[in-house]
Amino acid sequence: MTSAPQGFVRVCALSDLDEDSPKRVEIDGVPVAVVRTEGEVFAINDICSHANVSLSEGEVEDCQIECWLHGSSFDLRTGKPSGLPATKPVPVYPVKTEGDEVFVSVTQES
Ligand code: FES
């Protein structure tokens with residue numbers, strides 16, 4: 001197994017991530033939704049900024065993840081909501097892939 005880059009934690013194998021099917025992981029107590037879409041892997045905080053709802057249970061489309069409760073979508077690259085009711089962004093985190101390994105750092109927001 002490849003060792004993790006500095007500040008990053010291995011979260012899963014790339015081959016474990018199905019396209020557009022978010023995977024919830026926890027890194028140092030931080031809930032994170034890891035999403036493979038459009039040929040890239042993204043990591044976004046798993047909790048909606050509107051209420052305590054798990055974003056990884058929502059749908060992924062056009063590089064956005066939709067909160068299933070009230071329908072705000074968050075950009076996987078920036079964490080910004082595209083529409084109400086959420087107004088605040090959700091933290092997004094840097095991701096590195098090496099071979100079949102996926103690493104995320106929650107100590108720095110990207
Ligand atoms: S809880 Fe996510 S939009 Fe309301």
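User: How should I read the contacts in the chain between residues at least 6 apart in sequence?

Analyst: Two residues are in contact if their C-beta atoms, placed from the backbone, lie within 7 Å. In this chain, among contacts between residues at least 6 apart in sequence, 42% join residues at least 24 apart. Please note that this is a predicted model, in which local features need pLDDT of at least 70 and side-chain atom pairs count only at pLDDT 80 or more, while totals for chains, interfaces and linings use all residues. Residues are numbered from 1 along each chain as its sequence is written.

User: How many helices and strands does the chain have?

Analyst: Helices (H or I, at least four residues) and strands (E, at least two) are DSSP runs, numbered from the N terminus. The chain has 10 strands and 0 helices.

User: What does the radius of gyration tell me about the chain?

Analyst: The radius of gyration is taken over C-alpha atoms, and the globule rule is 2.2 Å times the number of residues to the power 0.38. For 110 residues, a compact globule would have a value near 13 Å; the chain has 13 Å, which agrees. Along its principal axes, the C-alpha trace spans about 40 × 25 × 20 Å.

User: Which phi does aspartate 20 have, positive or negative?

Analyst: Aspartate 20 has a positive phi of about 60°, although it is not a glycine. Its place is the loop between strand 1 (9-13) and strand 2 (23-27). Aspartate 28 likewise has a positive phi, of about 50°, and lies in the loop between strand 2 and strand 3 (30-37).

User: Is aspartate 28 buried or exposed?

Analyst: A residue is buried if 20 or more other C-beta atoms lie within 10 Å of its own, exposed if 12 or fewer, and partly exposed in between. Aspartate 28 has 8 such neighbours inside 10 Å, so it counts as exposed. Aspartate 20, with 13 other C-beta atoms within 10 Å, is partly exposed. Buried residues make up 35% of the 110 residues in the chain.

User: Which residues does histidine 70 touch?

Analyst: Not counting residues up to four places away in sequence, histidine 70 touches His50 and Pro85. Histidine 70 lies in the loop between strand 6 (64-66) and strand 7.
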